[in-house]
Amino acid sequence: MRTLALLLAFIGGFALGPPVYAGDGCPFQCADLDGDGSIDHTDYESFAACLSEDPQSVQACACADLDGDNRIDLRDFALFARLFQNVSDEVSPGCTGAIGSTVNLTAYRPQHGTGYAPFTRTPVPDQLETDSLLGPGIRMNQPGDADPQGEDDLIEVTLDVDPPGAALALRRDQDTLSVWTSRTKTPGTEIVFVDDKTGSLPIGSTQSTLTLWVEWASAVPGTAALTAEPPDSPVVKDEILFHAFESIVVALGGENQPTSVPVDPNHGSFVVGIAMYEVGFDVHMYDEDVVGPDGSGAAYDVVVDAIVNRQVDEVAIFGYSHGGGSTYDLTDRLDINRAGLGLFSISYTSYVDGVGNNSDVDTSMETRRPPSSAFHLNHYQHGTLFEDFFLDGGPVANSNPPPTGLDVETTPWGASSTHFEVDDFIEVRSLMESTIDSSISR
Amino acid sequence: MNLNNTTHRKMRIAWLIYACFAVCFVSGWAIADEAQSKSPVALNLEMQTVFKELTTTEDAAAREGLWNQIRQFDRADRSVLIQQLTLFASESTSTRSSMLTGAVIKQFEISDTDVINALLPMMDTDAPKLRKQIKGTLAEFEDQSASRPPDFSTYREIIAAAFREGRDIPPGLVKHMYEVDPGIALLTMMRASQMRTPDDLQEILWAEHVVSESVWKKTHGFVERDSVDQDVTDELQRLAGHGQWWVRLYVPAVMKHDPTFKSENLLDALTQDSNTDVAQAARDAQ
């Protein structure tokens with residue numbers, strides 16, 4: 001795709017003239033025509049303008065003759081395409097065509113338990129991997145962390161290298177990051193940093209991919225970068241910026257809405273949960289049954305572990321139907337037990353047609369506002385016996401949209417809706433996603 | 001509604017029932033496979049068919065007729081209806097089918113006692129889904145929240161009657177109470193058992209108080225979350241040797257509920273208990 005985009009732009013590039021500056025030979029790395037340390041669109045524009053030019057007579061095009069044959073043609077373009085968006089410090093200034101290694105680091109979204117379920121293994125897109133909000137999030141992992149689901153706080157990072165077996169190292173910008181070759185920190189699998197840089201990574205001579213596991217081994221939140229470099233050079237080939245989670249998001253389905261991979265598109269809570277997971281939040285999704293009538297259970301344990309052991313201080317909880325009732329129960333328990341947990345805020349809660357969840361046969365409206373929630377979003381409709389067994393949520397005081405939430409049956413898109421479809425409206429899900437994003441930090 | 005419409009609707013419902021019967025028999029019906037083999041209550045295929053149709057049909061008129069059929073089931077035998085609804089819900093795969101039991105209870109204003117008594121014969125089932133469904137249904141009558149312990153008063157009356165009349169205590173109900181809240185279960189059993197001697201009562205009251213206070217201190221941050229008070233260890237040791245099985249049952253139950261109290265030695269000893277429920281609870285807690 002990258003090559004195609006370059007090729008299209010390449011055709012149009014003939015119209016431009018060559019850049020004008022003078023010197024002897026290529027003064028920078030090959031393909032880095034402006035010498036700024038990276039091979040990017042600016043270089044491409046210059047490269048396109050140099051096509052068919054004589055690199056010996058047009059000095060500014062000296063760095064565009066990548067194979068050193070004194071012509072700037074499609075062979076040079078092919079080499080340029082491989083180097084685009086990377087920096088290769090191993091291209092000789094003489095531009096012989098022997099390009100060095102290229103590296104792509106890919107970080108994944110957080111694990112849950114022994115794998116990724118109820119999420120799929122989700123790579124962070126290249127364009128987001130250095131974004132401090134939307135990029136890869138990571139849970140703080142300290143000795144006291146109870147890990148109710150087992151060790152799952154390390155972030156998977158794959159390192160793809162071309163050509164296979166190229167020598168590479170990692171650099172971190174602070175010692176909060178540790179790197180392992182095993183997901184559960186098996187003794188002997190930690191990669192040692194000396195002055196924040198590793199030696200050559202264990203990449204076999206024919207190996208093109210190495211899987212690493214990154215740990216945030218500090219109690220201090222913030223961001224930290226991990227870069228791939230040649231062992232003996234400080235040139236950055238690729239970079240990932242991690243943000244340590246300071247919040248946790250809990251999504252609860254309705255009665256008999258178990259989590260699944262892939263997600264059931266009619267399970268609106270989980271569709272929202274996945275959307276937030278993909279933009280850098282630490283999301284945990286559960287069947288509402290994991291929350292007991294007193295708020296106890298697996299969801300509570302995970303939130304408590306995050307607050308007590310991982311410095312998380314913001315909590316978001318939302319649910320549909322009985323999941324709405326469980327949102328109340330879980331919030332209530334967290335609020336009652338604050339003294340033993342530490343300082344945190346329940347920054348966001350939401351009901352979608354919330355039904356009380358004292359039991360599996362509870363059919364009462366959940367109209368109590370979650371205790372101490374800073375922002376509560378409420379959507380509801382009106383049940384009828386034959387359509388949905390009279391199941392419905394209802395107005396909740398001091399909710400959003402003000403004053404008591406949105407009766408979706410007053411909207412053009414939600415008129416005559418039933419309990420069983422209200423969580424699936426794109427309008428409902430979009431408002432949840434935007435309000436979560438604006439209510440809590442990552 | 002005219003007679004022709006009514007007749008036509010009844011015929012249509014009857015046809016649907018017959019059709020579903022055929023499908024059920026051909027396919028062996030998953031519910032029959034899963035629940036009937038492990039439940040002391042047999043499936044009533046007529047009722048199951050009506051429930052299934054009601055929760056899947058898109059025909060609003062048919063739903064009304066099916067509701068009327070359920071009303072007739074209720075009038076014929078409320079207990080059987082509740083049991084069949086519970087079997088149905090235990091194998092349900094959608095929000096709609098899961099919520100049918102609650103809708104029927106609400107619509108027909110079925111009392112707590114009626115539901116509990118109907119479920120009692122099913123509570124010793126070893127089918128996990130059915131056990132979960134029964135537990136999830138009983139919670140409705142326990143009125144538990146983060147700030148309120150469960151209310152077992154209805155169970156206490158049932159158990160007290162069994163004690164007074166010298167009948168077997170419903171083991172499934174006792175097990176359920178200890179799973180929900182070991183402390184409240186112990187106190188409920190103490191009252192239901194007709195225990196009258198102050199010293200005997202105080203021994204149990206004090207032990208439960210010591211354990212509960214320790215939980216309270218940990219919950220609210222007065223002591224470390226994983227700390228164990230020596231007084232708690234002593235009281236659990238004492239209760240593990242008590243003469244009443246339902247007092248000994250408290251020990252593995254509370255250790256399962258709060259694993260920081262777990263003592264492998266005590267649990268090992270209780271796996272050899274003369275009461276099979278205590279021994280099993282100890283194995284479950286290990």
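Two strands are said to pair if DSSP finds at least two bridges between them. Helices (H or I, at least four residues) and strands (E, at least two) are DSSP runs, numbered from the N terminus.

The model is predicted, so that local features need pLDDT of at least 70 and side-chain atom pairs count only at pLDDT 80 or more, whereas totals for chains, interfaces and linings use all residues. Residues are numbered from 1 along each chain as its sequence is written, and chains are lettered from A and ligands numbered from 1 in the order in which they are written.

**Exercise 1.** Find which strands are joined to β3(A) by bridges, and describe the two faces of β3(A).

Solution. Begin with strand β1 (residues 102-107) of chain A, which runs antiparallel to β3(A) and is joined to it by 6 bridges; here A:A107 has A:V157 of β3(A) as its bridge partner. Next, 6 bridges also join β3(A) to strand β9 (residues 209-216) of chain A, again antiparallel, and A:D160 is partnered by A:T209 of β9(A). Finally, β3(A) spans residues 155-162, with A:I155, A:V157, A:L159 and A:V161 on its covered face and A:E156, A:T158, A:D160 and A:D162 on its uncovered face. In a regular strand the side chains alternate between the two faces of the sheet.

**Exercise 2.** Identify the buried residues of α5(A) and what covers them.

Solution. Counting a residue as buried if 20 or more other C-beta atoms, placed from the backbone, lie within 10 Å of its own, the buried residues are A:A299, A:Y300, A:V302, A:V303, A:V304, A:A306, A:I307 and A:N309. Their cover includes β12 (247-252), β13 (283-286), β14 (314-320) and α6 (322-336) of chain A. After the helix comes A:Q311, whose phi is positive, near 60°.

**Exercise 3.** Describe the side of chain B that touches chain A.

Solution. With contact meaning that C-beta atoms, placed from the backbone, lie within 7 Å, chain B contributes 31 residues and chain A contributes 27 residues. Elements giving two or more residues on the chain B side are α4 (60-76), α6 (95-98), α7 (100-107), α9 (128-138) and α13 (198-219), and the largest share, 7 residues, comes from α7(B).

Notes: Two residues are in contact if their C-beta atoms, placed from the backbone, lie within 7 Å. A residue is buried if 20 or more other C-beta atoms lie within 10 Å of its own, exposed if 12 or fewer, and partly exposed in between; C-beta atoms are placed from the backbone.
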